[in-house]
Amino acid sequence: MSKGEETKSIILEKAVQVASVQGLQGLTIGTLADELGMSKSGLFAKFASKENLQIEVLRVGSELFRRNVVYPSLKTKPGIARLKTAFQMWLSWAHTDSLPGGCLFLSSSSEFDDRPGVVRDHLKKTQLSWQKTLKQFVEDAKNTLELSSNTNVDKMVQDIWGLILSFHFYNRLLEDKNAEKKAKQSFNELIKRNQYEDSWD
């Protein structure tokens, strides 16, 4: 890695942390320059615009998500075990040191759902990619006959997404200490409702 690439990596690592707390809209070249003790002109030379900086932050966030959620899931055997790993790691990933303000993508979704433009387009692309992966995990569980062939994949993925959104609301805003435990219980109940009958415990 060149000196320039190393510097940019350090900048983006800090930018992800700032965006996690203040949101992508709160992330400006000015605020980031203050956080890093760098000049605004030096940062502007690397990113050229606020939108470019926000997209770079989402790219780094996506790589963090893959490392913390997707790759560990792929190391688990296909089926319910892989789905459970994905759900557990998805619950846990927002507690990493890289995200002091919680899940970057949930906060960004709230900020950009009604803001057309390149940042929203990039954010939507990352979320659709994860949705596609999660659908494949559910399909795998159907193919291994652990989930019923009648399982509605789209609905199940949306239900799982809903559990994650609910968890973050109860965990961060309401400071409910049992939020994760309840989310896991709801996930297990969802799995149970869709399990192939012969594989029930």
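A salt bridge is a side-chain nitrogen of Lys or Arg within 4 Å of a carboxyl oxygen of Asp or Glu. Side chains of opposite charge can pair when their charged atoms come close. With that in mind, welcome to this structure, which holds eight salt bridges.

This is a predicted model, in which local features need pLDDT of at least 70 and side-chain atom pairs count only at pLDDT 80 or more, while totals for chains, interfaces and linings use all residues. Residues are numbered from 1 along each chain as its sequence is written, and side-chain values use heavy atoms, with hydrogens and water left out.

**Confidence**

The predictor's confidence in each residue is called pLDDT and runs from 0 to 100. For the protein chain the average is 91, and 98% of the residues score at least 70. Helices here are DSSP runs of H or I with at least four residues, strands are runs of E with at least two, and both are numbered from the N terminus. Confidence in the protein chain is highest in helix H7 (residues 118–143), at a mean of 97, and lowest in helix H3 (residues 40–47), at 83.

**An annotated stretch**

In an unreviewed UniProt entry, residues 28–47 carry the annotation "DNA-binding region". UniProt positions are given in the numbering used here, feature names are shortened, and annotations may be inferred rather than shown by experiment. This span is 80% helix and 0% strand, and its end C-alpha atoms lie 11 Å apart.

**Salt bridges**

| Pair | Closest N and O atoms |
|---|---|
| Arg59 and Glu56 | 3.0 Å |
| Asp159 and Lys155 | 3.0 Å |
| Asp176 and Lys182 | 2.7 Å |

To describe their surroundings, a residue is called buried under 20% relative accessible area, exposed over 50%, and partly exposed in between (1.4 Å probe, protein chains only).

Arg59 and Glu56 sit three residues apart in helix H4 (residues 50–74), so about one helical turn separates them. Arg59 is partly exposed, at 45% relative accessible area, whereas Glu56 is buried, at 19%.

Helix H8 (residues 153–173) holds Asp159 and Lys155, which are four residues apart and therefore separated by about one helical turn. Asp159 is partly exposed, with a relative accessibility of 26%.

Of the partners Asp176 and Lys182, Asp176 is buried at 18% relative accessibility, and Lys182 is partly exposed at 37%.
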